[in-house]
Number of protein chains: 2
Amino acid sequence: MPNTTEINATTFSAESYFATQPEPPTLKADIQGVSHFIDSQIEKGRKVVLVTSGGTTVPLELNVVRFLDNFSAGTRGATSAEYFLKQGYAVIFMHRQFSLQPFSRNYSHSTHPFLDFLEIDAALPSSSTIDSAYPYSNDPSPSAAHPHITVKTSEKAALLSVLRTYKAVQAKGTLHTLTFVTVNDYLYLLRAISKEMKQLGPKAMYYLAAAVSDFFLPRQKMSEHKIQSGKGSLHIEMDQVPKVLKPLVSEWVPAGFVVSFKLETDPALLIPKARQALERYGHQVVIGNDLHHRKHRVVLVSPKSTASDRKILPNGVEYEEMWIEIDSSPSAPHKEIEEGIVRELVARHDAWIKRA
Amino acid sequence: MPNTTEINATTFSAESYFATQPEPPTLKADIQGVSHFIDSQIEKGRKVVLVTSGGTTVPLELNVVRFLDNFSAGTRGATSAEYFLKQGYAVIFMHRQFSLQPFSRNYSHSTHPFLDFLEIDAALPSSSTIDSAYPYSNDPSPSAAHPHITVKTSEKAALLSVLRTYKAVQAKGTLHTLTFVTVNDYLYLLRAISKEMKQLGPKAMYYLAAAVSDFFLPRQKMSEHKIQSGKGSLHIEMDQVPKVLKPLVSEWVPAGFVVSFKLETDPALLIPKARQALERYGHQVVIGNDLHHRKHRVVLVSPKSTASDRKILPNGVEYEEMWIEIDSSPSAPHKEIEEGIVRELVARHDAWIKRA
């Protein structure tokens, strides 16, 4: 690391972060798209949810070759977005480039590649199809002039269902997608989108499922070119990313319904960390996931209510916890935990809107 | 970082690396598959290329939440693998999980999503299709009992071509795919696959396009759980990954044709670094890419030959450089630089086999 401007570690507030770190060049164009989208949803009277999804990167070089990343394929965000759409929400889906997206997430190139369930239906013996197809050709051979591409019977019903919903969502215009890569992109986008969504007041939900880095390397400390190896070990010192949940809840969208996530690998930390977050930021729900069971079990932690399972903390604030769990045995029918999470949140959000 | 076993930084040889870092649990099963694949290729008399592709991760925690990563979508490897298959090679495609793969790489969910070119061809007005499809349903509505899924006319020829080649390759059995995630997975797989391929002698090519981390965190220095934030800045100290190209060339596959890659962001370093690598490891070709022009221009650097553009270095070793370039203007016909790279390498590999 070159020793340039000395910035005191761990002192970034949200304000000083935005004052010293550069705005992404695409921000203005991105926000214009969001603004149009929100206008048309307000016209239709729809509730709007911002879903953030996937991990953020922390580049170590200005010409990026290496970066710190957070584990996240984007499953939680992409799946939840589908269920919000199903519940009639308009969804702003802000996700890490190349992470999973609603609908196409069902056809991962690694686990469920779509090329495997397409078939060529030609009036030809299959061996001659193979020969004529090899080597590559963009010109269909004359003997296979009008082949059809068909979907394997076993895959057809599921694909039809996904495809219908995808096309219905496109026709209704209820999904708006944006991408980010770095934690800097993420922070700037989150702030700008929130400010656009503020006018929705309580009708907006913020479902912050992205795995955001806690640390970053200020622009002023970055190496311009690829860090060269061969010079011993690598030392990296990173500063803390400011906790933007604080200004988001108190300034950017004070009337919004805000849901954040906590991922821990030590289950004992889950509930204490969730409560600490609620206490610190004053928002509505923290969803706690344990890395190894996150697909089958989560806990919704929220401040005071009349639920049965409540605790009183020393500071007098009451919390309640609600566990949502699905059967994880291989013989259980296929279910997605996001369906239950979204159903519960929509009910709470409706109550929130009524109270407002 | 917890302070556990003190390992002296930067002292890992390939030998001490494998002696101290744990073998991936799936290695044995992976290698069994490779071994069967090689046997059947030997039977058919085919040349075999190992293509490595995508970046490697360096986990910072045993229960991984954060990791260091290398920039790479896997385009070079996935595209090159297709051209090697076209040239009649059997391909062992060893790639980073979720990076691009041959064939499906043409249909990225982000840039060219396949759901966008499928259509539902039902005997229904499109508005009623939209209504009946929403909300989700796995049961096709009775009024749309036998809809067909069809491919948009504009996409059909290209998809047919990809699909035919994909199916032809499957029928011939010339593509074997394996995945890695961490740099540790990569190093163990590379060593084990090379040892299996040794029996192919000069008929094996090693096309090492993966972006491998230069640094890693030894198991003994890793934190068990997620590193907690809120305790100031993050300090990471990483050790150097051993340069396994050395034992690969001199011990693991001494008769093989070995091609490595250099990616630099500073173009001035490209050729000096490529020569340095050839000098150090004694292999056949280094392909130099500049991060910003890698899709349109690369340089093949190799030791002595009769080519015109050669230089004599102080150490007496002669090098030649061959630039491969394609027209990058938007109006130029669609070409892929990997086609030219693979064609050149196949010619050199054939000469190498003849000389052996």
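Mentor: Angles under 35 degrees count as roughly parallel, over 145 as roughly antiparallel, 65 to 115 as roughly perpendicular and the rest as oblique. The model is predicted, so local features need pLDDT of at least 70 and side-chain atom pairs pLDDT 80 or more, while totals for chains, interfaces and linings use all residues. Residues are numbered from 1 along each chain as written, chains are lettered from A and ligands numbered from 1 in the order written, and side-chain values use heavy atoms, without hydrogens and water.

Trainee: At roughly what angle do the axes of α2 and α6 of chain A cross?

Mentor: Axes are lines fitted to C-alpha atoms, for helices over the stretch in contact, with angles from 0 to 180 degrees between N-to-C directions. In chain A, the axes of α2 (residues 27-44) and α6 (residues 183-197) come within 10 Å and cross at roughly 30°. α2(A) and α6(A) are therefore roughly parallel. The crossing is right-handed (near helix turned clockwise from the far one by less than a right angle; anticlockwise is left-handed).

Trainee: Which residues of α2(A) and α6(A) meet?

Mentor: Contact means heavy atoms within 4.5 Å. From α2(A) come L27(A), D30(A), I31(A), V34(A), S35(A) and I38(A); from α6(A), Y188(A), L189(A), A192(A), I193(A), E196(A) and M197(A). By class, nine are nonpolar, one is polar and two are charged (nonpolar: Ala, Val, Leu, Ile, Met, Phe, Trp, Tyr, Cys, Pro; charged: Asp, Glu, Lys, Arg; polar: the others, Gly among them).

Trainee: How do α2 and α6 of chain B cross?

Mentor: Helix α2 (residues 27-44) and helix α6 (residues 183-197) of chain B have axes that come within 10 Å and cross at roughly 30°. That makes α2(B) roughly parallel to α6(B). α2(B) passes α6(B) in a right-handed crossing. Residues making the contact include I38(B) of α2(B) and M197(B) of α6(B).

Trainee: Which residues have the most contacts inside the largest nonpolar core?

Mentor: Nonpolar side chains tend to be buried together in soluble globular proteins. A nonpolar core is a set of buried Ala, Val, Leu, Ile, Met, Phe, Trp, Tyr and Cys residues joined through side-chain atoms within 4.5 Å. Here the largest has 116 residues, and I92(A), I193(A), M197(A), I92(B), I193(B) and M197(B) have the most contacts inside it. Another core, of 84 residues, lies apart from it and includes V49(A), M205(A), F93(B) and L160(B).

Trainee: What percentage of chain A counts as buried?

Mentor: Of its 356 residues, 54% (buried is under 20% relative accessible area, exposed over 50%, partly exposed in between; 1.4 Å probe, protein chains only). Chain A has nine helices and 15 strands (DSSP runs numbered from the N terminus: H or I, at least four residues, for helices; E, at least two, for strands).
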